[in-house]
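Visitor: Could you take me on a close look at the salt bridges in this model, and then show me where its pockets lie?

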Amino acid sequence: MSTIADNLSALLTRIDSAAKAADRAPASIQLLAVSKTKPATAIREIHAAGVRDVGENYLQEALAKQQELADLPLIWHFIGPIQSNKTKAIAEHFDWVHSVDRLKIAQRLSEQRPAGLPPLNICLQVNVSGEDSKSGCTPADLPALAEAVMALPNLRLRGLMAIPEPTDDRAAQEAAFATVRQLRDGLDLGLDTLSMGMSHDLEAAIAQGATWIRIGTALFGARDYGAA
């Protein structure tokens with residue numbers, strides 16, 4: 001049975017190969033270990049293997065893990081849908097938020113960010129495939145949202161996040177990720193981040209400029225949602 005360290009080694013090989021195929025430096029691609037439904041012990045194992053950035057989708061689960069892992073110098077990313085009543089805890093306990101899709105949420109995160117902490121790193125989630133089931137602002141609404149978020153004092157807008165419609169078609173994967181990159185570049189705001197690509201499509205995302213890839217299954221194995 002493969003260990004998390006073995007999975008990480010195989011994943012880093014995939015990232016290295018994808019980066020070289022795209023004529024990119026592997027170091028330009030950062031790995032976000034997505035640990036939803038996985039125990040704190042799995043995060044300890046991935047940290048021991050050299051990964052310090054952890055992504056969580058569910059707030060209460062994440063807060064419990066943060067308390068259990070308070071001895072580790074982890075960087076916590078919130079990547080799930082955000083309800084208004086969750087913004088205070090997110091503003092207080094996370095370093096990055098990848099899933100901001102409306103101004104009200106951004107305003108609350110800015111207002112509720114504790115004074116002693118650095119600005120909260122923000123990605124705007126774009127619904128690039130137009131799926132009703134997905135969170136994210138529309139591409140048409142993105143410019144106004146980005147300008148408004150740039151003006152908020154306790155946030156640092158870094159870039160865009162997207163979860164395109166799943167497909168095994170490499171050309172379709174790349175087309176969706178290319179759209180996200182073009183949307184970011186079209187804002188002309190000097191943003192440096194593209195949070196896109198997961199276990200099944202990371203090669204296409206890297207080919208189109210991903211700077212964060214959000215990986216769960218390829219690191220931790222299949223998820224047991226009954227445990228969430």
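Guide: Happy to. A salt bridge here is a side-chain nitrogen of Lys or Arg within 4 Å of a carboxyl oxygen of Asp or Glu. By that rule the count comes to 10 salt bridges. Please keep in mind that this is a predicted model, in which local features need pLDDT of at least 70, side-chain atom pairs count only at pLDDT 80 or more, and totals for chains, interfaces and linings use all residues. Residues are numbered from 1 along each chain as its sequence is written, and side-chain values use heavy atoms, with hydrogens and water left out.

Let's begin with Lys65, which pairs with Glu56, their closest N and O atoms being 2.8 Å apart. Lys65 is buried, at 5% relative accessibility, and Glu56 is buried too, at 0% (buried means under 20% relative accessible area, exposed over 50%, partly exposed in between, with a 1.4 Å probe and protein chains only).

Next, look at Arg170 and Glu174, whose side chains meet in a salt bridge of 2.9 Å, N to O. Both lie in helix H7 (residues 170-187), 4 residues apart, about one turn of the helix; helices are DSSP runs of H or I with at least four residues, strands are runs of E with at least two, and both are numbered from the N terminus. Arg170 is partly exposed at 40%, and Glu174 is partly exposed at 21%.

Now for the pockets. On a 1 Å grid over the protein atoms alone, a pocket is an open set of points where a 1.4 Å probe fits, with protein on both sides within 12 Å along at least five of seven lines, and lining residues have an atom within 4 Å of a point. The largest pocket holds about 410 Å³ of space, a volume being the space filled by probe spheres set on the points, which are joined across faces, edges and corners. Of its 21 lining residues, Lys36, Asn57, Ile79, Ile163 and Met198 are the closest to its centre. The lining divides into 9 nonpolar, 8 polar and 4 charged residues (Ala, Val, Leu, Ile, Met, Phe, Trp, Tyr, Cys and Pro count as nonpolar, Asp, Glu, Lys and Arg as charged, and the others, Gly among them, as polar).
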